[in-house]
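Hello,

Here is the structure for you to look through. Please open it first, then read my notes below.

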Amino acid sequence: MRKFLVVLDDTRECLNAMRFAAMRAANTAGGVEILSVIPPDEFNHWIGVGEVMRAEARERIEAHYNVFAKWMRDKQGVDPTLVIREGEPVDEILAHIRETPEIGVLVLGAGSDKGGPGPLVTKLTKTAGTLPVPITIVPVELSKEQLEQIT
C-alpha cells in the first residue's frame, strides 16, 4: 500500500497538509504516515532535565497526533500511523523516506508569510531531484472545499 508521509509540527500549514494527505489516501486506497521530529537542540541540558523534556515533547506530539488521527479515522476512513524521530528535521525526514519503501509521496504544507513557504519546504525542495518520492506542497490558504476538489 502506498503511504502519504506528512510532517506533524507546530506550524499553521501542517493542518492543510494533514487534510490533503488523508483525503488523497482515502481516494486512492492508500495510507498516511505522520512523522514528527524532535530537534536535538531541545535537549542540551543536564541528562535528567533532557530526559524529562524529551518525554514531554513525545507526550505533546502524541496528543496532537491523536487529534489528527481521530479526524482521519472518523471523516476519511484512514487509520494513520505515527513515527517520532529525534535529530535535524530535514535529515530525519529524508532518512525516514529512504528507510520506508511504502512511502510514495511526501506532503508538506507551505506557509504564506513574507519569509517564504517555510523552512522545511525551502530545504526539501532544494533536494527534490534526489528524493526517491515526489513532493506535494499544499498552500496554507486553501479552504476545506478547495482541498476536497483537488483530492
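The largest pocket of this predicted model is lined by 28 residues. Val 7, Leu 8, Asp 9, Asp 10 and Val 37 lie nearest its centre. The space in the largest pocket comes to about 500 Å³. Which elements each supply at least two residues of its lining? They are helix 1, strand 2, helix 2 (47-76), helix 3, strand 4 and helix 4.

Five strands form an open sheet in the order 3-2-1-4-5, and the pairing is parallel. Strand 3 (81-86) and strand 5 stand at the edges. Each has a single partner strand, so one side of each has no neighbour in the sheet. From one strand to the next, the twist averages 25 degrees. As background, strands of a sheet pair through backbone hydrogen bonds, either parallel or antiparallel.

Look at one pair in detail. Strand 2 (residues 31-38) pairs with strand 3 in the parallel sense, over six bridges. Val 37 stands opposite Arg 85 in strand 3. Val 37 is also one of the residues nearest the centre of the largest pocket.

Helices pack on the sheet too. Helix 3 touches strand 1, strand 2, strand 3 and strand 4. The direction of helix 3 makes about 145 degrees with that of strand 2. Helix 1 (residues 14-28) lies across strand 1, strand 2, strand 4 and strand 5. Helix 1 runs at about 175 degrees to strand 1.

Now turn to helix 4 (residues 119-126). Leu 120, Val 121 and Leu 124 are buried there. Why do they sit on the same side of helix 4? They cover an arc of only 95 degrees around the axis, which puts them on that one side. What covers the buried residues of helix 4? The cover includes strand 1 (3-7), helix 3 (89-99), strand 4 (103-110) and strand 5 (135-139). On the other side of helix 4, Pro 119 and Lys 126 are exposed.

Most residues other than glycine have a negative phi. Ala 29 is not a glycine, yet its phi is positive, at about 55 degrees. Is Ala 29 buried or exposed? Its relative accessibility is 66%. The cut-off for exposed is over 50%, so Ala 29 counts as exposed.

Best wishes

Definitions and conventions
Residues numbered from 1 in each chain as written. Predicted model: local features only at pLDDT ≥ 70, side-chain atom pairs only at ≥ 80, totals over all residues. Heavy atoms only, no water. Buried < 20%, exposed > 50% of the residue type's maximum accessible area, 1.4 Å probe, protein only. Helix = DSSP H or I, 4+ residues; strand = E, 2+ residues; numbered from the N terminus. Arc of directions from axis to C-beta. Contact = heavy atoms within 4.5 Å. Pairing = 2+ DSSP bridges. Axes fitted to C-alpha atoms, helices over the stretch in contact; angles between N-to-C directions. 1 Å grid on protein atoms, 1.4 Å probe; cavity = no way out; pocket = protein on both sides within 12 Å on 5 of 7 lines; lining within 4 Å. Points joined across faces, edges and corners; volume = space filled by probe spheres on them.
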